Amino acid sequence: MRRTRVLTVVLALAAGLLAGTPPALAAEPDTPRVSLAADTYTWRNARIDGGGFVPGIVFNRTEKNLAYARTDIGGAYRWVESSKSWTPLLDSVGWDDWGHTGVASIATDPVDPDRVYAAVGTYTNSWDPGNGAVLRSADRGASWRKAELPFKLGGNMPGRGMGERLAIDPNRNSVLYLGAPSGKGLWRSTDSGASWSQVTNFPNVGTYVQDPSDSSGYASDNQGIVWVTFDESSGSAGSATRTIYVGVADQDNAVYRSTDAGATWSRLAGQPTGYLAHKGVLDAENDYLYLAYSDKGGPYDGGKGQLWRYATATGTWTDISPVAEADTYYGFSGLTVDRQHPGTVMATAYSSWWPDTQLFRSTDSGATWTTAWDYTSYPNRANRYTMDVSSSPWLTWNANPAPPEQTPKLGWMTEALEIDPFDSDRMMYGTGATIYGTENLGNWDEGTRFTIKPMVRGLEETAVNDLASPPSGAPLLSALGDIGGFRHTDLAEVPPMMYTQPNFTTTTSLDFAESNPATVVRVGHLDSGPHIAFSTDNGANWFAGTDPSGVSGGGTVAAAADGSRFVWSPEGAGVHYATGFGTSWSASSGIPAGAVVESDRVDPEVFYGFKSGKFYASTDGGASFTASAATGLPSGDSVRFKALPGAKGEVWLAGGASDGAYGLWHSTDGGASFGKLSGVEQADTIGFGKSAPGASYQTLYTSAKIGGVRGIFRSTDEGESWTRINDDAHQWGWTGAAITGDPRVYGRVYIATNGRGVIYGDTSDSGGTDPDPDPDPDPEPTGDCAVTYTITNQWQGGFQADVRLSNTGTGAWSGWALSWSFPNGQTVSQMWNAEHSRSGSTVTAKNVGWNAHVAAGSSVGFGFTGDWSGTNGRPAAFKLGDRSCTVN
């Protein structure tokens with residue numbers, strides 16, 4: 001599945017996010033009240049587990065169980081061994097720096113394992129307006145410092161599976177090298193990544209471009225310098241490593257070497273030509289440099305390839321390709337050495353899309369090879385592995401392919417492959433949709449099957465185009481890039497399958513009938529087949545509609561309030577309407593092609609549209625539209641609008657650009673006129689959720705700039721005042737595609753990200769009412785309770801944890817105090833959303849004023865950082881006063 005994803009809207013970038021938490025603004029007559037206090041929300045992902053391309057996995061060579069993964073648009077992650085999951089590291093990337101969610105390379109320090117570096121930037125062409133940067137962390141990614149670069153990096157550019165471009169000197173870890181794209185050359189830092197300078201004597205900046213004729217600059221960029229590998233045996237602790245190998249995107253001059261710590265460089269003599277070296281992996285014990293070659297840069301293309309071994313002591317080159325060049329239809333890329341048994345080497349056929357990818361394994365330094373699967377009698381296959389995708393069942397795509405294809409597939413775009421340097425039985429590899437792995441790899445050599453499972457929990461990498469939260473049925477419906485979308489009946493569980501029948505490669509828009517939520521419609525991209533589908537059971541099952549003539553893509557779609565008709569604005573054709581489930585479409589009049597369409601949530605005959613600064617309305621079921629006389633709306637097409645449920649003719653519109661009208665508008669007359677909300681400087685999304693306790697108006701949510709600060713905001717009083725509900729640690733880059741509240745749960749909000757999946761937040765706020773908390777310093781609420789304790793981040797000597805306390809009884813709490821004892825002498829250093837005290841080994845967390853009230857069936861969350869040594873076990877028991885809580 002191809003995954004070239006671009007932000008197709010104009011990104012209105014603010015001048016800069018303020019550091020820290022600014023003070024609340026003073027109220028002015030025409031300015032909404034703004035609260036910038038955050039930390040009242042607990043943020044999670046609606047679980048999908050994976051969903052995108054993982055081009056890099058890196059294990060630390062000196063500390064067991066320390067590993068990192070990089071994604072092309074969704075940030076970086078660190079492996080958490082205790083939960084067999086990944087924790088995100090770049091959620092703090094803000095709106096202005098959205099490009100820094102693309103990770104071009106990552107490096108973990110073998111000398112000081114607390115240190116990790118990430119080279120970030122998404123595109124090298126004009127799609128990303130900002131330059132790249134190298135982020136450095138001394139606490140395993142819990143916090144970062146940034147070194148800006150004078151050029152761009154391309155985490156989502158062609159060639160992104162090659163690498164790693166970023167490398168740390170294993171003998172003198174203050175020295176790092178970075179290979180740059182776009183002809184910018186080789187760069188070096190001598191101060192642990194704080195500053196960078198070009199290695200001006202490096203002789204080759206790269207020559208290879210995927211498609212010189214591409215005027216967008218995406219495929220026509222020079223892929224540059226693609227990996228750096230140190231020979232650790234050529235140095236000693238504290239002194240710079242003398243021998244360094246560098247891979248260059250040049251089919252005739254792919255590998256260079258320095259033997260004097262980077263003072264001089266030369267092309268490695270005798271090397272193969274006609275190929276790009278995707279990877280260079282050194283076995284210093286046996287003095288071998290292994291190289292995986294492809295004729296293309298990947299990750300999608302590649303029709304020929306070779307594997308070579310270079311003897312570093314003698315300069316001898318040996319072709320160790322497991323398949324004759326003439327028989328390849330793919331390139332090689334994934335490449336790893338078993339550090340416990342360096343003669344064991346593995347590689348991947350990364351661009352073998354059909355019938356499957358292939359894994360190759362040698363236990364004699366490449367002299368002979370075995371494969372993960374072989375043909376018996378074509379088209380039948382014999383696999384050395386079994387696949388267990390029960391944790392992510394959607395990876396079968398609900399497919400039933402004919403042999404030799406199988407489902408689930410072993411993978412595609414398999415450019416990342418690593419054997420755990422401390423455990424020969426554990427291997428992980430990245431694909432275009434997930435991370436797969438095994439913990440019994442040794443079975444391969446013993447002639448028994450090894451088991452491959454998803455090893456991706458916690459890593460969420462989907463681009464979200466649209467969201468819906470119906471008033472009944474499933475709480476969340478999503479429209480996603482690459483894997484279509486899901487119906488979530490439980491946000492904490494992976495749905496069994498994406499939308500199928502048809503299975504869109506990307507869903508661009510979806511809607512449900514407000515008064516009949518069982519009726520749902522979605523539109524999207526499909527190489528061959530219809531671009532619209534309908535459901536009559538709230539998205540559980542689907543059937544295809546019929547396209548009007550000329551449709552080439554999904555566009556946007558709207559369902560009438562009662563589900564009796566639909567209006568569709570597809571790509572490649574003008575706006576159309578249909579009565580019933582799209583078996584016959586008619587062209588709408590009075591509205592331009594490409595308009596964004598939505599429905600009134602009360603009157604099934606009323607639909608709305610927007611295009612190029614003009615708002616349109618239809619009162620005859622979409623047959624004809626009339627342009628509104630409203631002026632002052634954004635002139636471009638970076639606009640999203642929604643009609644308010646339960647209120648005919650009430651519309652909220654967000655969007656614009658920094659060089660023109662930009663903000664949030666409100667209409668109560670069906671779009672005939674709009675009033676702009678003063679004080680909302682920029683807004684890109686608008687959504688509605690359940691009213692706050694005591695409030696008469698539905699809760700508004702927006703991704704916006706208010707009070708000079710970019711964030712996710714909530715209003716419970718029709719936009720008169722706003723509260724920022726995220727914080728600087730939870731920003732997720734670009735959040736301008738969609739947002740919606742939950743109509744059944746006050747305070748719950750769903751946020752679309754461009755690479756971090758669907759984020760949802762739950763509030764600890766009581767909704768502005770005074771819960772009259774009990775003044776007793778140790779309140780003892782009655783009723784049952786349950787606790788979920790999660791370690792969300794861990795590093796040497798420190799950790800971060802979230803605690804969720806649920807009221808499972810029948811009465812409300814007016815205050816609470818939760819106590820526990822750590823099993824291994826851990827201590828709390830800082831706590832938020834609660835006050836803490838310690839008596840002996842017992843820790844007590846007590847409510848703060850605003851989260852004292854916990855209704856029956858509700859929960860409250862708080863978090864803390866702490867210290868540990870030796871073991872960091874979870875508390876076995878929690879008490880609410882004298883009552884024991886159930887531990888989840």
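Modeller: Here it is, and please keep in mind that this is a predicted model. A place to begin is the hairpin of β12 and β13, which has six residues between the strands, and there S182 takes a positive phi near 60 degrees.

Colleague: How many bridges join β12 to β13, and which residue stands opposite L176?

Modeller: Four bridges join β12 to strand β13 (residues 186–189), and the two run antiparallel. Opposite L176 stands S189 in β13.

Colleague: And what about β11, how many bridges join that strand to β12?

Modeller: Strand β11 (residues 166–168) is joined to β12 by three bridges, again in the antiparallel sense, and within that pairing I168 has L176 as its bridge partner.

Colleague: Which way do the residues of β12 point, and are they buried or exposed?

Modeller: L176 and L178 point one way from the strand, Y177 and G179 point the other way, and all of them are buried.

Colleague: Changing topic, which residues have the most contacts inside the largest nonpolar core?

Modeller: Those are W394 and L410, in a core of 50 residues. The elements that give two or more residues to this core include β29 (385–387), β30 (416–419), β59 (749–752) and β60 (758–763).

Colleague: What does W394 touch?

Modeller: Leaving out residues up to four places away in sequence, W394 touches, among them, I48, D49, G51, A433, I483 and F486, and also V494, P495, P496, M497 and M498. Apart from this core lies another, of 26 residues, including L805, V843, V854 and F878.

Colleague: You mentioned D49 there; which side chain does D49 meet in a salt bridge?

Modeller: The side chain of D49 meets that of R47, at 2.7 Å from N to O, and both of these residues are buried.

Colleague: How many salt bridges does a search of the whole structure find?

Modeller: The search finds 27. One of them joins K146 and E148, at 3.7 Å from N to O; K146 is partly exposed, with a relative accessible area of 37%, while E148 counts as exposed because its relative accessibility is 51%. There is also a network in which salt bridges that share partners join E81, K84, D420, R426 and E439.

Colleague: What is the N to O distance between K84 and E81?

Modeller: It is 2.5 Å for the salt bridge between those two side chains. K84 is partly exposed at 36% relative accessibility, and E81 is partly exposed as well, with a relative accessible area of 23%.

Colleague: Back to F878, which residue stands opposite it in the strand pairing?

Modeller: W820 stands opposite F878 in β68, where three bridges join β63 to strand β68 (residues 878–880) in an antiparallel arrangement. On β66 (residues 842–846), β63 pairs over five bridges, also antiparallel, and there S819 has T844 as its bridge partner.

Colleague: Why is β63 described as largely enclosed by the rest of the structure?

Modeller: Because four of the five residues of strand β63 (residues 817–821) are buried.

Colleague: Last one, which residues form the nonpolar patch on the surface?

Modeller: W354, Y375 and Y378 form that patch, with about 360 Å² of accessible area together. W354 is found in the loop between β24 (345–349) and β25 (359–362), and is partly exposed, with a relative accessible area of 44%.

Notes
Residues are numbered from 1 along each chain as its sequence is written. This is a predicted model: local features need pLDDT of at least 70, side-chain atom pairs count only at pLDDT 80 or more; totals for chains, interfaces and linings use all residues. Side-chain values use heavy atoms; hydrogens and water are left out. Buried means under 20% relative accessible area, exposed over 50%, partly exposed in between (1.4 Å probe, protein chains only). Two strands pair if DSSP finds at least two bridges between them. A nonpolar core is a set of buried Ala, Val, Leu, Ile, Met, Phe, Trp, Tyr and Cys residues joined through side-chain atoms within 4.5 Å. Contact means heavy atoms within 4.5 Å. Patches are made of residues with over 30% relative accessible area and no salt bridge: like charges are joined within 9 Å, nonpolar side chains (Val, Leu, Ile, Met, Phe, Trp, Tyr) within 5 Å. Accessible areas come from the Shrake-Rupley method with a 1.4 Å probe; for residues, only the protein chains shown count as cover. A salt bridge is a side-chain nitrogen of Lys or Arg within 4 Å of a carboxyl oxygen of Asp or Glu.
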